Amino acid sequence: MRAGFGQFRDATPEYLRFAAQYGATDVLLNTPSLPGMGGRWELHDLVKLRLTVEQYGLKLSALENVPTSFYDQIMLGGPRRDEQIENMVFTVRNIARAGIPIFGYNWMPSHVWRTTPASIRCESIATAFDYGQAKKMPRTHDREYGEEEMWDNLEYWIKIITPVAEEEGIRLGIHPCDPPVPLLGGIPQLLRSFDAYKRLIEICPSDCNAIEFCQGTFSEMEGDDIYEMIRYFGERNKILYVHFRNVSGQVPRFHEEFINTGYVDMYRAMKIYHQVGFDSFFIDDHVPQTFQDTSWGHRGRAFANGYIQALIEAVTKEAVA
Ligand SMILES: [Mn+2]
């Protein structure tokens, strides 16, 4: 188990030096700003990304997300779906051939939603969500979409892309819909529960049809047990990597928290990853904003990453002792 940094777009010397200085081994880039002409990424641009990261002694272990415009019609079943599928197959093959072993993406045509932020410990600012407020927001697309048509679109895609991933030796995983509520802006938040993820992995029983395990979002799922979900998906080798962050509670209302002050016992969680033989990396995902921190959150992330490193050390040494 390893600690990584991620959630920055570009492989700049500043971010990479920061990650290396704080002892990370793995790096994840989120929606790197590559020339996406024609809605797809080229092999040479992806190879260049990996080589840049490796110059700092780090491993480019995953790419997270492509621009939503690359595959919105795949999610919604629009008229350009097949063209987008062709381009996405091209991109996924290129990510694999560039030597990047994991591609994580999401199934949220209208992205992550939050409502008014919360002031937490000593005026730190954390993002928050209140379903009551969000329900008043207007539709984000042309019409309201149905739950089952969204499942049909997802199944159609998974059945096409999984064999491609197997052929190329790349693992794909989907981030849960955040916040995990039934509907936002007229779009079903399909992957919002333990049951929904069981259904997803059963579409194609393959190591290449897996999960970008945002523990933060899984912890937000109403009525579901986070420890049980880590164990269930961990034992089945479905967890590609982990967004290791904490929240105050579950939907319909929650705010984000410091890594060690949310409702989830992170030590207990880390022990389960270790017990099930999880062998990949953790990143902080996002952190509360504190005094004089940068917008990316260098201070907050250094704290969270150090906490992750300490937990990994603790559970690993305990198991040996
Ligand atoms: Mn996440």
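**View 1. Arg81, Asp82, Ile85, Met88, Val89, Val92, Arg93, Ala96 and Arg97 of helix α4 meet Asn153, Tyr156, Trp157, Ile160, Ile161, Val164, Glu167 and Glu168 of helix α6.** Contact means heavy atoms within 4.5 Å. By class, ten residues of this α4–α6 contact are nonpolar, one is polar and six are charged. Nonpolar covers Ala, Val, Leu, Ile, Met, Phe, Trp, Tyr, Cys and Pro; charged covers Asp, Glu, Lys and Arg; the others, Gly among them, are polar. The model is predicted: local features need pLDDT of at least 70, side-chain atom pairs count only at pLDDT 80 or more, and totals for chains, interfaces and linings use all residues. Residues are numbered from 1 along each chain as its sequence is written, and side-chain values use heavy atoms, with hydrogens and water left out.

**View 2. Helices α4 and α6 pack at an angle of about 30 degrees.** Helix α4 spans residues 81–97, and α6 spans residues 147–168. Their axes lie 10 Å apart. The angle therefore makes α4 roughly parallel to α6 (under 35 degrees; over 145 is roughly antiparallel, 65 to 115 roughly perpendicular, the rest oblique). The crossing of α4 past α6 is right-handed, that is, the near helix is turned clockwise from the far one by less than a right angle. Axes are fitted to C-alpha atoms, for helices over the stretch in contact, with angles from 0 to 180 degrees between N-to-C directions. Helices (H or I, at least four residues) and strands (E, at least two) are DSSP runs, numbered from the N terminus.

**View 3. Eight strands close into a barrel.** Their order is β1-β2-β3-β4-β7-β10-β11-β14, and the pairing is parallel. Two strands pair if DSSP finds at least two bridges between them. With direction ignored, neighbouring strands of this sheet are turned by 30 degrees against each other on average. Helix α11 (residues 298–320) lies across β1 (2–8) and β14 (281–283). Helix α11 runs at about 155 degrees to β1.

View 4. Gly173 stands opposite Ala210 of β10. How many of the five residues of β7 are buried? Four are, which leaves the strand mostly covered. Buried means under 20% relative accessible area, exposed over 50%, and partly exposed in between (1.4 Å probe, protein chains only).

View 5. Phe194, Tyr197, Lys198, Ile201 and Glu202 of α7 meet Glu228, Met229, Tyr232 and Phe233 of α9. This contact holds six nonpolar, no polar and three charged residues.

**View 6. Gly234 is a buried residue of helix α9.** The relative accessible area of Gly234 is 11%. Not counting residues up to four places away in sequence, Gly234 touches Met229, Ile239 and Val276. Gly234 and Val276 are 42 residues apart along the chain, yet their C-alpha atoms are separated by 5.8 Å.

**View 7. Ile272 sits in helix α10.** Helix α10 spans residues 266–275. Is Ile272 buried or exposed? Ile272 is buried, because its relative accessible area is 5%. Leaving aside neighbours within four places in sequence, Ile272 is in contact with Tyr227, Ile230 and Arg231. His111 is 161 residues from Ile272 in sequence, and the C-alpha to C-alpha distance is 30 Å.

**View 8. Four strands form an open antiparallel sheet in the order β5-β6-β13-β12.** Strands β5 (115–120) and β12 (246–247) stand at the edges. Each has a single partner strand, so one side of each lacks a neighbour in the sheet. Two bridges pair β12 with β13 (residues 253–257) in the antiparallel sense. Glu257 in β13 is the bridge partner of Asn246.
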